[in-house]
Amino acid sequence: MNLEGLLAYVLQYGTWLASATIVAGLALALTGSRTGTHDITIGIALFILLPVFRVAVMLVVFLRERDYRFSAIAATVLMIICVGFALGRL
Amino acid sequence: MDGGFVLWLFAVAVGASALGGMLGMAGGIFIVPILTILGHIDIHTAIGASIVSVIACSCGGAAPYLRGRLTNIRLAIVLEVATTLGALTGVLLSGVIPVPYLFFLFAVILLLSAQQMLARRGEPAMIAAEANSGPWVASLRLDSSYPDRTLGRDIAYRVQRVPLGMMLMYGAGLISALLGIGSGVLKIPAMDSALRLPIKVSSGTSNFMIGVTAAASAGAYFMRGNIVAGVAGPVALGSVVGAVLGARILMVVSNDKIRLLFVVVLIVLAAQMLLAAFGVDLMKGSA
């Protein structure tokens, strides 16, 4: 599978996983269960982490292809996103 | 949790993302105005929900573009350096910009989008093969080709003026983080006028990039507690459904009708956001 195919696979199944988690959480929350909101939050976190994971996959593939210039670019994007997460804690 | 409210949020997201999806955009530009004006939801909570919706639209819609070789992933990751940096700037600004200014800025972006929709978007002029793409592009191997169904063959294209494109993308990332939208209004000129990508490649690459751009700011908003599960959950779910639906409707409805509908909705929402910016709330009495 080429990189495009791999990324399509990751994003497609990731979307299913995150959506299913939110559906389960909503179903629980609407029936009055306390764990529902917690599950929805996990689903949302999965959605937010999905593009980050996609960049990490690209980084690994670039490294394996010994494409160091693009590895550095992908690592930079990952680093900027991590700074974003840290900014929210300030 | 109130079932009626959850259903309303879900329906709003389906409608917004279907409408956006018909034009290859995320639905965030409709979600924030509807949640704040009709739902009386705090604008920061609305932006938090909308930014998650942008990620959902991007990830949910990426596969067909990737498999159809319409996404230039090398170009995308280069431009993402600029969009994510812009997103960080937006996160920093979002804490200090007063709420009425946010409403006003949103109205301006809605009007600019309406104007952009009315101006017909043409395929960027083909540049002669020897056109110089600058030292940047040559060393990064960003040029590529895409399969054209109607012609039945691959069309090669060159990526132009990357530094200018990067600057516009920085702005797009900033607006995206600040307002919780995919920011097509700045990405389209960047892709068409600066980089000169074919429209299909531009849609595929833009869809691919908005998820990462939004993740940079969504991470910050999530940590900050601006992403409320009860609002963002149904909106994210509705967006996935809407994005899939929008792509289907695109096949049967004429592009011009969608465009007109889009412009009307944008102008109505812009007027509402302007009123909100100046402290007038028409809906309060009737809602």
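A residue is called buried when its relative accessible area is under 20%, exposed when that area is over 50%, and partly exposed in between. By this rule R158(B), at 32% relative accessibility, counts as partly exposed, and the same terms are used for the residues described below. The structure is a predicted model, and the confidence of the prediction is therefore reported before the details of the fold and of the contact between the chains.

For the complex as a whole, the predictor gives an ipTM of 0.94 and a pTM of 0.90. Chain A has a mean pLDDT of 94, with 100% of its residues reaching 70 or more; among its elements, the lowest mean, 94, belongs to helix 3 (residues 68–89) of chain A, and the highest, 96, to helix 2 (residues 35–64) of chain A. In chain B the mean pLDDT is 85, and 89% of the residues reach 70 or more. Confidence in chain B is lowest in helix 12 (residues 283–286), where the mean is 48, and highest in helix 4 of chain B, where it is 95. Where pLDDT is low, the predicted coordinates should not be read in detail.

Chain B contains 12 helices and two strands, which follow one another along the sequence in the pattern α-α-α-α-α-α-β-β-α-α-α-α-α-α. Of the 287 residues of this chain, 57% count as buried. When contacts in chain B between residues at least 6 apart in sequence are considered, 82% of them join residues at least 24 apart. One of the buried residues is S217(B), which lies in helix 9 of chain B and counts as buried because its relative accessibility is 0%. Apart from its neighbours within four places in sequence, S217(B) is in contact with I51(B), A87(B), V91(B) and A177(B).

L46(A), placed in helix 2 of chain A, counts as partly exposed because its relative accessibility is 30%. Leaving aside neighbours within four places in sequence, L46(A) is in contact with L17(A), A18(A) and T21(A); T21(A) is 25 residues away along the chain, and the C-alpha atoms of L46(A) and T21(A) are separated by 8.7 Å. M79(A), found in helix 3 of chain A, is exposed, since its relative accessible area is 55%. The C-alpha atoms of M79(A) and S19(A), which are 60 residues apart along the chain, are separated by 27 Å.

The contact between the two chains involves 49 residues from chain B and 43 residues from chain A. Together the chains bury about 3900 Å², of which 82% is on carbon and sulfur atoms. Four residue pairs are found in polar contact across this interface. On the side of chain B that touches chain A, two or more residues come from each of helix 1 (3–21), helix 3 (43–67), helix 4 (73–94), helix 6 (134–140), helix 9 (199–224) and helix 10 (229–252) of chain B. Helix 9 of chain B supplies the largest share of that side, 12 residues. The residues of this side of chain B divide into 35 nonpolar, eight polar and six charged.

Side chains of opposite charge can pair when their charged atoms come close. Over all chains, five salt bridges are found, and three salt bridges cross the interface of chain B and chain A. In one salt bridge, the side chains of R54(A) and E80(B) meet at 2.7 Å, N to O; because R54(A) lies in helix 2 of chain A and E80(B) in helix 4 of chain B, the pair joins two chains. R54(A) counts as buried at 1% relative accessibility, and E80(B) is buried with a relative accessible area of 0%. D67(A) forms a salt bridge with R74(B), the closest N and O atoms being 3.2 Å apart, and this pair crosses from the loop between helix 2 and helix 3 of chain A to helix 4 of chain B. Both partners are buried, D67(A) with a relative accessible area of 13% and R74(B) with one of 17%. D67(A) also forms a salt bridge with R141(B), where the closest N and O atoms are 3.9 Å apart.

Within chain B, the side chains of R158(B) and D143(B) meet in a salt bridge at 3.5 Å, N to O. This pair links distant parts of the chain, 15 residues apart, with R158(B) in the loop between strand 2 (153–157) and helix 7 (162–179) of chain B and D143(B) in the loop between helix 6 and strand 1 (144–148) of chain B. D143(B) counts as partly exposed at 30% relative accessibility. Salt bridges that share partners join D67(A), R74(B) and R141(B) into one network.

Technical notes. Residues numbered from 1 in each chain as written. Chains lettered and ligands numbered in written order. Predicted model: local features only at pLDDT ≥ 70, side-chain atom pairs only at ≥ 80, totals over all residues. Heavy atoms only, no water. Contact = heavy atoms within 4.5 Å. Buried area = accessible area lost by both parts, 1.4 Å probe. Salt bridge = Lys/Arg side-chain N within 4 Å of Asp/Glu carboxyl O. Polar contact = N/O pair within 3.5 Å; in protein donor to acceptor, adjacent residues only side chain to side chain. Helix = DSSP H or I, 4+ residues; strand = E, 2+ residues; numbered from the N terminus. Nonpolar A, V, L, I, M, F, W, Y, C, P; charged D, E, K, R; others polar. pLDDT = per-residue confidence, 0-100. Buried < 20%, exposed > 50% of the residue type's maximum accessible area, 1.4 Å probe, protein only.
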